[in-house]
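Subject: Structure handover

Hello,

Here is the structure for you to look at. Please open it first, then read my notes below.

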Protein chains: 6
Amino acid sequence: MLENDLLDDTEANPAVAAVFDDIRTSRGDGAVNNFWRALAHDPKLLEATWARMKATMMDSTPDGLDPFSKELVYLAVSIANGCIYCVHCHTAAARKLGMTEAQYADLLAVVAIASQTNALATELKVPVDDAYREPAE
Amino acid sequence: MLENDLLDDTEANPAVAAVFDDIRTSRGDGAVNNFWRALAHDPKLLEATWARMKATMMDSTPDGLDPFSKELVYLAVSIANGCIYCVHCHTAAARKLGMTEAQYADLLAVVAIASQTNALATELKVPVDDAYREPAE
Amino acid sequence: MLENDLLDDTEANPAVAAVFDDIRTSRGDGAVNNFWRALAHDPKLLEATWARMKATMMDSTPDGLDPFSKELVYLAVSIANGCIYCVHCHTAAARKLGMTEAQYADLLAVVAIASQTNALATELKVPVDDAYREPAE
Amino acid sequence: MLENDLLDDTEANPAVAAVFDDIRTSRGDGAVNNFWRALAHDPKLLEATWARMKATMMDSTPDGLDPFSKELVYLAVSIANGCIYCVHCHTAAARKLGMTEAQYADLLAVVAIASQTNALATELKVPVDDAYREPAE
Amino acid sequence: MLENDLLDDTEANPAVAAVFDDIRTSRGDGAVNNFWRALAHDPKLLEATWARMKATMMDSTPDGLDPFSKELVYLAVSIANGCIYCVHCHTAAARKLGMTEAQYADLLAVVAIASQTNALATELKVPVDDAYREPAE
Amino acid sequence: MLENDLLDDTEANPAVAAVFDDIRTSRGDGAVNNFWRALAHDPKLLEATWARMKATMMDSTPDGLDPFSKELVYLAVSIANGCIYCVHCHTAAARKLGMTEAQYADLLAVVAIASQTNALATELKVPVDDAYREPAE
């Protein structure tokens, strides 16, 4: 298979088909998005990546982050890494989880201020404050 | 002033002193962290950057993101950009806003899965799904 | 010439034509790929870049890296830098040098684990082990 | 535990101790490097990350990449991502696997040419050659 | 509004229309480029970003950087960040300010040498020279 | 030699000594900064890199960029790439070429606005304006 070929369902071996089925169930809309179809040319990596994705994004602990906060973090990382596919995918995912226009506007504003202070801190070679190095307790 | 010099309070001109006072009040702990002291060699940029920081991070609208979610996004961007100072600063800020160990563990896990799928999507040249391009309404 | 214009053979001055000929000979398939046609609007930079490319990728020393290992490194850097053109180009180059599906799967898996531990090490601010700082002898 | 605290052996719970033991055995030198000690504040992420690391870097298939090639890829990604800790760690790992000075020099040279052509291709907005989009068979 | 929708003039509320008018006047060609039309779904962020853009790029002080030098810096940052839209936009802007082919060739050459030495310095873990840390006076 | 060892003059072979001498002459202050001493463990890469550096940064054509503009571009790339050593080195180099505090403040302001619009353009997936794709003539 070619590197940007997308595996369709008829080409899926049983291991891949099992992951695709789990993705369909987990997403709730019956679709398998292109990322997984592209990754399916390596069934072992597909399985390992999906297992981590599911455990990380869908198995919530009561005192951990909620699914929406996790999506915001995922999206923020994807923007900073400049991954266009991931930006499309996780903006859609955040909307599906209820992101409002006001929340999206806030996300954009935070990404903007963070990006500029990241660059300024690098250029200014700001030394880390002692307070940030102290033990928390 | 040198590029990594930190302006102390006695060196601050009135414009800088006014920003420093506002930072102290906003933070609630009387401290001005090193980033602002480094940036203070350019009073205009200090004022503009602090004004955006304050408007973005502290002025919440009822239907926008809450302050804790904003900190998570800020931290996620800083990690992905590899800004060590910012990572220290905003991990501390998230803890100050109540980030628990379980939430921190979730943040790390999301950053880890996002970073790897960002790289995989780039290498696999995954085409954007039509569903992500459709209008939302 | 425009920034994303590609110089065709009829437009090449003698200096550019000489580089294009050398590229054709070195590649063995008679083609000059788009990168060099785009760079050809600056003949001096074309010559200098091609000379370094050829010296680095094609002149092997017996105890240095073999051409295939070099391509893997090139591809890994290109993925991490998010250069879509380079990812296409050097995935093709690695395949031309014999990269199997199993090797490609391994490459993807290593890029995935490296990307996530890079991000985790940044967020965790891991101090460098003394063992990594010791002289090797 | 604090974000850059390193867990020592006496603090390890049984799950963490089991991973530490496996790291010691796998490395062959009895050491647990700082990355794992920092990650150990989240035992589940430690286990998942170590499991992927081990499966990716140590379980070789006959027709896949050899361990040394994998280390080169890991190091190349870490350089491009600017992760200082990872650069120290994986340069050491490559040397442990036998990287010679000539091979290290080649690695540096490839990273240098790749970094510059990545940037040039971005600025020149080079369109992907049709040949790179064609099916391989 | 959708994330990549572009606001046309008939959809602009008075606040957005005022920014669009100011952009048209400042640019001198009557056009509002897509970036601002995309950002316009968040009028507050549009206003704040445009205000900073205008103050930074168009309000020159006699002893500060001239507009052309500022465009070169903007373009260099955009290349290094891999932002394709920004690369198109600011290459065009630099040309509009008179960038010649010889200047563009120099820009490319500097970006190329900087990108490679950045990567080499990271891999070589070069310690900062004392001379760079000394006060300037 | 170790990866972060710095070659002192007594260890330099004739090829390395010749480059060091040329660096001293070119800089005008008799010093060889750490980057070149670290790179000297690979004399061929040292020679090639220094040759490109000198040709790019010191050989000016009348209609190309002046040395100060080149340093600004170099510094901007280094900031965006997050290379701390390079940021120190090229901030010092820009100051040596006469960068004033007002110019440095402008540089910081441009880097800040560029960094934030780069991130916003990525998240907003802004399509490239037709005007930026048109031929210049």
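**Two helices in chain B**

H3(B) and H4(B) are oblique to each other. Oblique is what remains once angles under 35 degrees (roughly parallel), over 145 (roughly antiparallel) and 65 to 115 (roughly perpendicular) are taken out. Helix H3 of chain B covers residues 43-57, and helix H4 of chain B covers residues 67-80. They pack at about 130°, with their axes 10 Å apart. Helices here are DSSP runs (H or I, at least four residues), numbered from the N terminus. Axes are lines fitted to C-alpha atoms over the stretch in contact, and angles run from 0 to 180 degrees between N-to-C directions.

Which residues make the contact? From H3(B) come B:Met53, B:Thr56 and B:Met57, and from H4(B) come B:Lys70, B:Glu71 and B:Tyr74. Contact means heavy atoms within 4.5 Å.

One note on the source. This is a predicted model, where local features need pLDDT of at least 70 and side-chain atom pairs count only at pLDDT 80 or more, while totals for chains, interfaces and linings use all residues. Residues are numbered from 1 along each chain as its sequence is written, chains are lettered from A and ligands numbered from 1 in the order in which they are written, and side-chain values use heavy atoms, with hydrogens and water left out.

**Chains A and B**

The same surface serves both copies: 100% of chain A's contact residues recur in chain B.

In contact are 62 residues of chain A and 62 residues of chain B. The two chains bury about 5,700 Å² between them, 70% of it on carbon and sulfur atoms. Buried area is the accessible area (1.4 Å probe) that two parts lose on being put together, summed over both.

How many salt bridges cross the interface of chain A and chain B? The rule finds two. It asks for a side-chain nitrogen of Lys or Arg within 4 Å of a carboxyl oxygen of Asp or Glu. A:Lys70 pairs with B:Asp106, closest N and O atoms 4.0 Å apart. A:Asp106 and B:Lys70 also form a salt bridge (4.0 Å, N to O). This pair runs from helix H6 (residues 101-124) of chain A to helix H4 of chain B.

Best wishes
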